[in-house]
Amino acid sequence: MKLVSRGLAAALCLAAGVSAAQESTLTVATWGGTYTQKQRQTIIDPFSKESGTKVLDASYTGGLGQLRAMIEAGNATWDVVELEAADVINACNEGLIEPLDKTKLKNAADLGQGVTECGLGAVGWSIVIGYNSESTGDAPKTWADFWDLKKYPGKRAIRRSPQYALEAALLADGVTPAELYKVMATPAGIDRAFKKLDEIKPQIQWWEAGSQPAEWLASGNVVMSTSYVGRLLEAAVEKAPVKFGWNGAFYSLDYWAIIKGTKRLEASYDFLNFATDAKPQAAFSEIQPVAPVNVKAEALLTPERRKIMPIGENLAQGAVFDDQFWVDNADALTERFNNWLSQ
């Protein structure tokens, strides 16, 4: 047998070291900014400390474009990503993320609807009716109030999308949350929603960035707006005259998902299990205005925090967003919505 040269041995050791480093490094893609910074503080860094796995974070901008590009190029640089519910369904259908092996999930029994074929519940979030308390006087409490231009004159802001706008219109027209998507599943229901939107169309200011509603409300540019809860809470901390109510809120989840073909599959499962445990979920919710999905986490939140979370009694006042409906109907309704906007 020939002896391996010192140079070759060194090269083999170097290659083995690089391979080991790659195996012990995990890349998690999430929403960036202070959101990711808070996740690193409460989830990512504690996971690294416990597991010994170095975790890099990457900026995810929403949708499936980044995932498709990586998978098509055969160069998936991420291992785990946080996706909105509809994107989890579509990414799973397209084979962009891994179907989950339920035998490897430690917290599935505590996650309720937060377990799907390819996704594991990360956070719960809500869109609510925000308002400028100086402009409206008494608090608008319902979607009917949102539509009441006589009692609450002034501009309203709604996200520039058929999602949430059509639901809000039907709720304002008297449809109950329990019947909402049954009505929307019919052509007559969609016609009804657009007819209701016609009533306030001249007074609608359409927002596209999540920061806009709170900014417009704080400045008095609009008197009411649909908005993510967190943005309104941040504005209130800055002493802006911005408030909101839970009646009529829409609720949905974000999910952790594993990128298709990751070379760090076991480490990815380890991260999902840690990130969906009650303690880190509660820790994140204490500093970021999103709700934990793990049912055991609610008891770990302070009473003050529970009051501003989309959980418990707050959730009972709203409607759960039907992600499958929008997976099935988004293209057709977006086309109709855009045509309606241009008229």
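Here are a few worked exercises on helix packing and pockets in this structure.

You're looking at a predicted model, so local features need pLDDT of at least 70 and side-chain atom pairs count only at pLDDT 80 or more, while totals for chains, interfaces and linings use all residues. Residues are numbered from 1 along each chain as its sequence is written, and side-chain values use heavy atoms, with hydrogens and water left out.

**Exercise 1.** Work out how α2 sits against α13, and which residues make the contact.

Step 1: Start with the axes. Helix α2 (residues 33-51) and helix α13 (residues 278-287) have axes that come within 9 Å and cross at roughly 140°. (Helices are DSSP runs of H or I with at least four residues, strands are E runs of at least two, and both are numbered from the N terminus; axes are lines fitted to C-alpha atoms, for helices over the stretch in contact, with angles from 0 to 180 degrees between N-to-C directions.)

Step 2: Name the arrangement. That angle makes α2 oblique to α13. (Under 35 degrees is roughly parallel, over 145 roughly antiparallel, 65 to 115 roughly perpendicular, and the rest oblique.)

Step 3: List the contact, meaning heavy atoms within 4.5 Å. From α2 come Tyr 35, Lys 38, Gln 39, Gln 41, Thr 42 and Ile 43, and from α13 come Pro 280, Ala 283, Phe 284 and Ile 287.

**Exercise 2.** Describe the largest pocket and its lining.

Step 1: The largest pocket holds about 810 Å³ of space. (On a 1 Å grid over the protein atoms alone, a pocket is an open set of points where a 1.4 Å probe fits, with protein on both sides within 12 Å along at least five of seven lines; lining residues have an atom within 4 Å of a point. Points join across faces, edges and corners, and the volume is the space filled by probe spheres set on them.)

Step 2: There are 30 lining residues, and closest to the centre are Trp 31, Tyr 35, Glu 84, Tyr 228 and Arg 231.

Step 3: Two or more residues each come from α2, β3 (80-84), β4 (120-132) and α11 (229-237). The biggest share is from α11, with four residues.
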